[in-house]
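Trainee: Could you take me through a protein model and the terms used to describe it?
Mentor: Gladly. Ask me what each term rests on.
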Amino acid sequence: MENANALRMVNERGWRMGFANLFHEANGSWWHTRTWLIQTIIWLCMLNGMFAIFLWKPPAEAVSEKIASTDSLTPIEALQQDQTSSALSVFWAYSSMALPIVAIIFAQDAIIGERQSGTAAWVLSKPVSRLAFILSKLVAGAIGLVVTGVVIQGAVAYTQLSLSIGSPWSLLGFLGAMALVSLTIMFYLTLTFMLGSLFQSRGPVLGISLAMAVGGPVLVPMIPFLNKITPWAFFLPITEDMPSGLALALGQPVSSITPVVSTALLCLIFIAVTILRFQREEF
Amino acid sequence: MDSPHNMVIETHNLSKAYKEVQALMDLNLTVKQHSIFGFLGPNGAGKTTTIKLLLGLARPTGGSAQVFGHDIQRESVSIRKRVGYLAQDPRYYEHMTARGTLCFTARFFYSGPAPEIEKRVEETLKLVGLDDKADRPIKGFSGGERQRLGIAQAQVNYPDLLILDEPAASLDPQGRHDVLEVMERLRKHTTIFYSTHILADVQRVSDTVAIMDHGKLISQAPIEELLNSKSAPMYTLALKGETEKARLRLSSLPWVTAIQIKPVNSHISWQVTVTDEAVAEAQLLSLVQSGGEVTVLEFGRKKLDLEEIFLTLTEGDQNGKR
């Protein structure tokens with residue numbers, strides 16, 4: 001009879017070889033260090049602090065002279081007339097702009113850093129599949145970023161919002177908006193992983209991904225098609241339509257789910273390219 | 001004859017080219033179970049490339065290879081389950097301690113209760129003499145400590161094959177001595193395939209040697225065979241007195257092919273190469289002494305050391321190219 005206290009050979013097979021151990025290690029770099037606490041405090045101060053200021057600031061004297069003729073307001077202008085809606089739009093817009101930058105900074109080192117330091121070659125000399133190497137970092141990074149940047153802040157923001165209006169806010173819509181911020185983070189995370197697998201140095205990886213994060217929303221008004229395939233207009237009022245993420249947060253109908261589906265597909269494509277490229281990597 | 005089942009590594013015309021550089025050419029190598037196999041060659045000979053190919057860290061551009069009968073391209077993970085590897089310049093996660101590194105490594109191979117894994121780690125730390133530094137972060141480790149940690153992480157899964165790439169290259173004499181001692185301790189448990197350019201180390205611990213140069217295998221043989229086979233019989237003599245007449249007597253003999261003469265302090269050293277060992281042993285000494293003009297201080301059969309054989313083989317290879 002097998003001794004229950006004896007060492008057993010790991011029984012992972014195929015692509016899962018080494019995943020559990022690598023994921024445990026990558027996850028530990030978030031949760032067994034102060035990383036999660038630092039991230040959480042930064043985002044609580046930045047996002048929820050700003051949200052509180054916008055929620056509870058004294059009302060403006062005269063919001064707008066246009067108020068008399070609300071018919072001429074665009075959805076965005078109408079939104080800005082309401083303090084709660086305005087605070088929500090600022091909260092989600094900042095979340096969708098700031099969190100991708102952190103995702104990019106985190107992810108740019110995940111592949112290139114390990115390749116350059118030689119630790120990737122060391123790990124891959126063990127019984128580890130290359131797919132497990134990539135996925136463990138991606139999944140652990142996504143969990144760390146989404147929990148410390150979206151879930152905790154979202155929960156706090158939801159509480160702030162409900163306290164501000166004196167009753168619970170529409171939870172489903174709010175969760176939908178949180179999901180879209182998470183998808184935005186995944187877009188940049190997977191994009192940066194892919195660039196990390198394609199380039200040998202950090203320069204192009206950081207340059208291209210940051211240029212997309214900062215410059216992408218600027219391109220949407222010039223090339224409206226981009227709005228349909230990227231997350232750039234999820235929360236930013238860069239077209240005349242109500243941004244889909246904001247509409248969700250406000251409990252309003254979403255005009256189109258095409259950008260959501262396209263962004264999710266792009267994430268999958270980025271992951272596939274990363275894996276295919278990394279499978280061919282030589283150390 | 002060796003059964004193929006006894007072979008741990010077999011390569012068949014294994015080749016690797018990087019753009020225009022042919023790093024490895026048609027390597028045919030066999031490594032027997034439970035041997036300490038010295039993989040010798042100067043820098044750039046193709047040793048590290050071969051090791052990376054065997055571990056699936058690089059892809060061959062030609063030929064094939066099996067480790068434990070598994071194909072290196074299609075069954076690399078199965079191979080790595082049974083292998084421990086120490087890189088030439090080993091790198092670890094610097095924030096980890098030695099113990100943390102070994103626990104992390106062990107979990108690629110073992111599941112089971114944490115105390116059992118820790119027990120294995122403790123044993124391995126003791127094996128390499130790092131038990132007193134187990135909880136220090138790696139970033140403060142010296143070169144020798146890193147190398148010992150490297151051997152520990154390669155050995156923590158009790159591998160059937162230990163691949164060590166230049167395990168003693170960056171170490172001081174004491175560090176080298178320690179590493180070779182660990183290798184000798186491990187030889188009864190595992191097959192060791194290690195690359196090096198330190199010939200004295202090979203001669204000390206290896207039982208089989210392969211010599212590489214410019215990406216090609218120059219020779220592979222048990223070390224004793226290599227030491228005995230690569231030279232015509234040679235005898236050394238330390239002489240005093242008038243040696244010229246004795247030299248002329250020997251030069252006229254058909255079984256003497258060369259006499260190298262070197263003055264050494266107060267005497268003259270001769271190295272006499274012969275074709276017939278039996279005749280030389282019976283007559284050489286008496287022939288030298290027969291004229292009475294020289295005194296023989298020393299006489300003996302010269303055995304080439306590995307360095308001389310290595311130089312002969314690699315120089316021969318280079319000459320062949322020119």
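Predicted model: local features only at pLDDT ≥ 70, side-chain atom pairs only at ≥ 80, totals over all residues.

Mentor: Residues are numbered from 1 along each chain as its sequence is written, chains are lettered from A and ligands numbered from 1 in the order in which they are written, and side-chain values use heavy atoms, with hydrogens and water left out.

Trainee: What makes a set of residues a nonpolar core?
Mentor: Its members are buried Ala, Val, Leu, Ile, Met, Phe, Trp, Tyr and Cys residues joined through side-chain atoms within 4.5 Å. Buried means under 20% relative accessible area (1.4 Å probe, protein chains only). The largest such core here has 152 residues. Trp92(A) and Phe193(B) are among those with the most contacts inside it. Helix α7 of chain A, residues 171-198, gives the most, with 14 residues. A second, separate core has 15 residues, including Trp255(B).

Trainee: Which residues does Trp92(A) touch?
Mentor: Contact means heavy atoms within 4.5 Å. Residues up to four places away in sequence are not counted; among the partners are Phe174(A), Phe235(A) and Leu246(A).

Trainee: Why are β7 and β12 of chain B said to stand at the edges?
Mentor: Strands pair if DSSP finds at least two bridges between them. The open sheet runs β7-β9-β10-β4-β11-β12 in chain B. β7 and β12 of chain B each have a single partner strand, so one side of each lacks a neighbour in the sheet.

Trainee: How do you know that β7(B) pairs with β9 of chain B?
Mentor: They share 4 bridges, in the parallel sense, and at least two are needed. Leu86(B) stands opposite Leu164(B) in β9(B).

Methods
Buried < 20%, exposed > 50% of the residue type's maximum accessible area, 1.4 Å probe, protein only. Helix = DSSP H or I, 4+ residues; strand = E, 2+ residues; numbered from the N terminus.
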